Amino acid sequence: MHRATVGEWRAVSPVDALFGAFAIPFMARALLVMLVLAVVAGIVGVLVNLRGLEFISDGLTHAVFPGLAIGLAVGGTAGLLPGAAVAALAAAVILTWLDRAGVTSDAAIAIVLTAAFSVGVIVVSRGDDYAGELETLLFGRVLTIPPAEVLPLVAVALAAALAVAVTLKQQLFRAFDKSGSLAAGDSALGLDLVLNAAVALVVVAAASTIGTLLVLALLIVPGAAARLMTRRMWWLFPAAAAFAAVAAWLGLAAGFAGSVAGGIDLPAGSTIVAVFILGYALVLVVRWLRDRAAATSRAVR
């Protein structure tokens, strides 16, 4: 984990890991990108959770893989983001069209997923560094994001947030009452395309940083945690965003502390995802304890 860069850190205290580590340029870039991405993924993930689109998100995640592979083959690491963007948006349109054409959603996702992933593997296998390129695509490069790619990654994430913000009321109406949404004149196709495109853009930014295998955690876990934290609909979005931001920050800090102080080479992307999962488990336990206490209180009365 860039030990040469941080070799002067003889002993890392918790405060150093949580704050001081981000004075290092590559850690600062990773934190900025991950905070923006985590917050946007948390917000988009709430709609994914409410609409039950987790499997579609998984399909889009895998559909990005050939775009990443082709982008890497053509333009190196600079080609990852544009390659992923083209593949993800194309997959979003195809999935939406297949669903509207009457193909069951699971079948549509399976078709897109298997076709796209096989194309990606074929492209990667043609490269000279097959193992290294495959590892980059699957597990990401959050600590080696070039300075020139920070703004494009942030812009992609913010575009997803804007797409959701513009259609938020309609998206929520469709999530809770499809018939009512249609009766009110909302375009089901338009709303589905916008939401799938927003998911695709989050997948693009996330796949370019933490890798395709770990993207789903950013999209699914914050929204699921938010639904455990509050029953108020409009509080779901800030709750998911806050959960995601704190988990991303702690994940980067934990990876830095483990690698520098503990001498354990922790993959940054996997460490971040592990903190997301641990955070969800903690929220789940707290919710269970709260519900149990409430049930006991009602029984006593």
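Guide: In this predicted model, a residue counts as buried when its relative accessible area is under 20%.

Visitor: Why is Ser-181 called buried?

Guide: The relative accessible area of Ser-181 is 2%. The cut-off is under 20%, so Ser-181, at 2%, is buried. This residue lies in helix 9, residues 178-183. Beyond its neighbours within four places in sequence, Ser-181 is in contact with Gln-170, Phe-173, Arg-174, Asp-186 and Leu-191.

Visitor: What makes helix 2 and helix 8 roughly parallel?

Guide: The axes of helix 2 (residues 25-51) and helix 8 (residues 168-176) cross at roughly 20° and come within 9 Å. Angles under 35 degrees count as roughly parallel, and therefore helix 2 is roughly parallel to helix 8. The crossing of helix 2 past helix 8 is left-handed.

Visitor: Which residues of helix 2 and helix 8 meet?

Guide: From helix 2 come Leu-47, Leu-50 and Arg-51, and from helix 8 come Leu-168, Gln-171, Leu-172, Arg-174, Ala-175 and Phe-176. By class, the residues of this contact are six nonpolar, one polar and two charged.

Visitor: How do you know whether helix 2 and helix 11 are roughly parallel or roughly perpendicular?

Guide: Their axes cross at roughly 65° and come within 7 Å, helix 11 being residues 215-229. The range 65 to 115 degrees counts as roughly perpendicular, so helix 2 and helix 11 are roughly perpendicular to each other. Helix 2 passes helix 11 in a right-handed crossing.

Visitor: Which residues in helix 2 meet helix 11?

Guide: Among them are Met-34, Leu-37, Ala-41, Gly-42 and Val-44, and their partners in helix 11 include Leu-218, Pro-222 and Arg-227.

Visitor: Which residues touch the most other members of the largest nonpolar core?

Guide: Met-34 and Phe-276 do, in a core of 86 residues. Helix 2 gives the most to this core, with 16 residues. Apart from residues up to four places away in sequence, Met-34 touches Val-142, Thr-209, Ile-210, Leu-218, Ala-248, Leu-252 and Ile-272. Of these, Thr-209 is a residue of a type left out of the definition of a nonpolar core.

Visitor: How many helices and strands does the chain have?

Guide: The chain has 13 helices and zero strands.

Visitor: What share of the chain is buried?

Guide: Buried residues make up 50% of the 301 residues. Among contacts between residues at least 6 apart in sequence, 77% join residues at least 24 apart.

Methods: Residues are numbered from 1 along each chain as its sequence is written. This is a predicted model: local features need pLDDT of at least 70, side-chain atom pairs count only at pLDDT 80 or more; totals for chains, interfaces and linings use all residues. Side-chain values use heavy atoms; hydrogens and water are left out. Axes are lines fitted to C-alpha atoms, for helices over the stretch in contact, and angles run from 0 to 180 degrees between N-to-C directions. Helices (H or I, at least four residues) and strands (E, at least two) are DSSP runs, numbered from the N terminus. Angles under 35 degrees count as roughly parallel, over 145 as roughly antiparallel, 65 to 115 as roughly perpendicular and the rest as oblique. A crossing is left-handed if the near helix is turned anticlockwise from the far one by less than a right angle, and right-handed if clockwise. Contact means heavy atoms within 4.5 Å. Ala, Val, Leu, Ile, Met, Phe, Trp, Tyr, Cys and Pro count as nonpolar, Asp, Glu, Lys and Arg as charged, and the others, Gly among them, as polar. Buried means under 20% relative accessible area, exposed over 50%, partly exposed in between (1.4 Å probe, protein chains only). A nonpolar core is a set of buried Ala, Val, Leu, Ile, Met, Phe, Trp, Tyr and Cys residues joined through side-chain atoms within 4.5 Å.
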